[in-house]
Amino acid sequence: MSIPDLNSSSNLYKKIIFSVEPRSYRYVLVLFFKLTNITELAVGGSATDQVLGSGVTDNPVIKMPTLVYYSNNNNRVEEIVPYIPGSTIKGLLRSIAEKHVAMMDKNNKRKLIDVLMKLIELDEQSKTGYLDKHDVSEIVDKILAKILNQYLDEKIVNKICNSIREYNNFKEFIKLVKKASETSWSSDLGKALEEIVSDEEINELMNNIAPIIITILNNYEISPDVCNPVIEGLMCELPIPKYKLLLLNALSETINKNITYPCRICKLFGLPGYMSRLIVTDAWPLGVKKTILLLRTHIAIDRLRESVVSGKTFDIEYIAPGAEFGFIIIYHLATQKDIEKIDQNNDGTLDKLIETIKKASNKTDEENLDLLKKIIENIETNGVWIGKRKTWGMGKVEIKLEATALIDLSKQTDPSHNPLILGKNPNEIISQYIKQGIPLPLKNTLQIFFPTT
Ligand SMILES: [Zn+2]
């Protein structure tokens, strides 16, 4: 691939600033959290968990066989232990971050339809052509079809998308959707769509479907700061396909600003093709013996007759309220510069530490750390709902940051070097629980990041 000419005004790359860093890290920021479930917790497991677990249930909680320590003298027992997968926690943190960024950066949001209009406009202005056949079919299949499929029957969506994959039909379709939103013009909407789609089987439906399609597509918004992890064509990925580059370019023209890629959320949480610099470990019980699994039997109610369906009961396995778990978030800093030392006794707050790190950091790290701080504030204040049956009130958990460490990896093998630790050393915290059992993955990870002298 040739290097794009960054000075050319017609260059597609002009307004997209790639923000991808080298993958060699000197520092890691390590955060140890305690999670306590306030209500019953049921993070769903699979069929194997049923066989491994405490009994036969329809809905087992997720478990893993692991070694559990029962004293500081290496007294280890193999057990099947319930846990909360790191991917589940990371997903929750990501959605909190998405809500936060979407709220902060309201002004950058644009309607998808306006961005597509801009895309067509840019294509019409371009002498050499801009959109090719392949781009159009990618936009139709990976964006429009995916959005419409959330609301409409797949067969209908397929028929419409088959027609608008052809470039002129695509243009007509986008212009129709835009025009219909701006005028009260609706009587001929079905007719207009019929002409574009020209499919006998769904022609009769057009009068009914057209307004629905117009409403759906006109209400869809996109933002350069938060991508959409549900619609394939609207999520960040690397390498970036050409159609996404064109779309981002049209978006940057629409908001009249440069866009950095990947979006703010993916910069922190990672994206396909670019591993996250943020790692979230599984949450393991603090005290395996005091983590109690219970079964609840439910009866099925016939919605129509509002009576019990005879013989229809089902079980749910859950973790009793009050269980405690420990997990770790690890953030890899891009900076290679020295981070100033802070006095852990006087200034030992996360705020102070983050401000100090930011002085040695680049813009991506500054933004990532600010976002991470906001996420921590949010989960500490509001708690989180996790796992199944949230509408029944299950899964409310409290999360508290117990300790923070800043590790200089270049000095990790130096026995005289003490890493900065804020808060009580987690190894001391877990020693209170060790009589009731600490799973090996948690114990080992804590020993790596929070060494005791
Ligand atoms: Zn993204």
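Keep in mind that the model is predicted.

Start with helix H5, residues 154-164. Which residues of H5 are buried? They are Ile-156, Val-157, Ile-160, Cys-161 and Ile-164. Look down the helix axis: these buried residues fall within an arc of 125°, so they line one face of H5. Now turn to the face pointing away from that buried side. There you find Glu-154 and Lys-155, both exposed.

What covers the buried residues of H5? The cover includes helix H4 (133-148), helix H6 (167-182) and helix H7 (189-197). It also includes helix H8 (200-203) and helix H9 (206-219).

Next, the core. In soluble globular proteins, nonpolar side chains tend to be buried together. Here the largest nonpolar core has 114 residues. Within this core, Leu-41 and Ile-265 touch the most other members. The biggest contribution comes from H4, with 8 residues. Domain 1 (27-85 + 282-449) and domain 2 (110-222) each supply at least three residues.

Stay with Ile-265 for a moment. Set aside its neighbours within four places in sequence. Ile-265 is then in contact with Arg-94, Ala-97, Glu-98 and Val-101, and with Val-226 and Cys-227.

Last, the sheet. It is open, with 3 strands in the order S4-S3-S16, and the pairing is antiparallel. Which strands sit at the edges? Strand S4 (76-82) and strand S16 (438-439) do, each pairing on one side only. Strand S3, residues 63-69, pairs with S4 over 7 bridges.

Terms used
Residues are numbered from 1 along each chain as its sequence is written. This is a predicted model: local features need pLDDT of at least 70, side-chain atom pairs count only at pLDDT 80 or more; totals for chains, interfaces and linings use all residues. A residue is buried if 20 or more other C-beta atoms lie within 10 Å of its own, exposed if 12 or fewer, and partly exposed in between; C-beta atoms are placed from the backbone. Helices (H or I, at least four residues) and strands (E, at least two) are DSSP runs, numbered from the N terminus. The arc is that of the directions from the helix axis to the C-beta atoms. Two residues are in contact if their C-beta atoms, placed from the backbone, lie within 7 Å. A nonpolar core is a set of buried Ala, Val, Leu, Ile, Met, Phe, Trp, Tyr and Cys residues joined through C-beta atoms within 7 Å. Domain bounds come from an automatic or database domain assignment. Two strands pair if DSSP finds at least two bridges between them.
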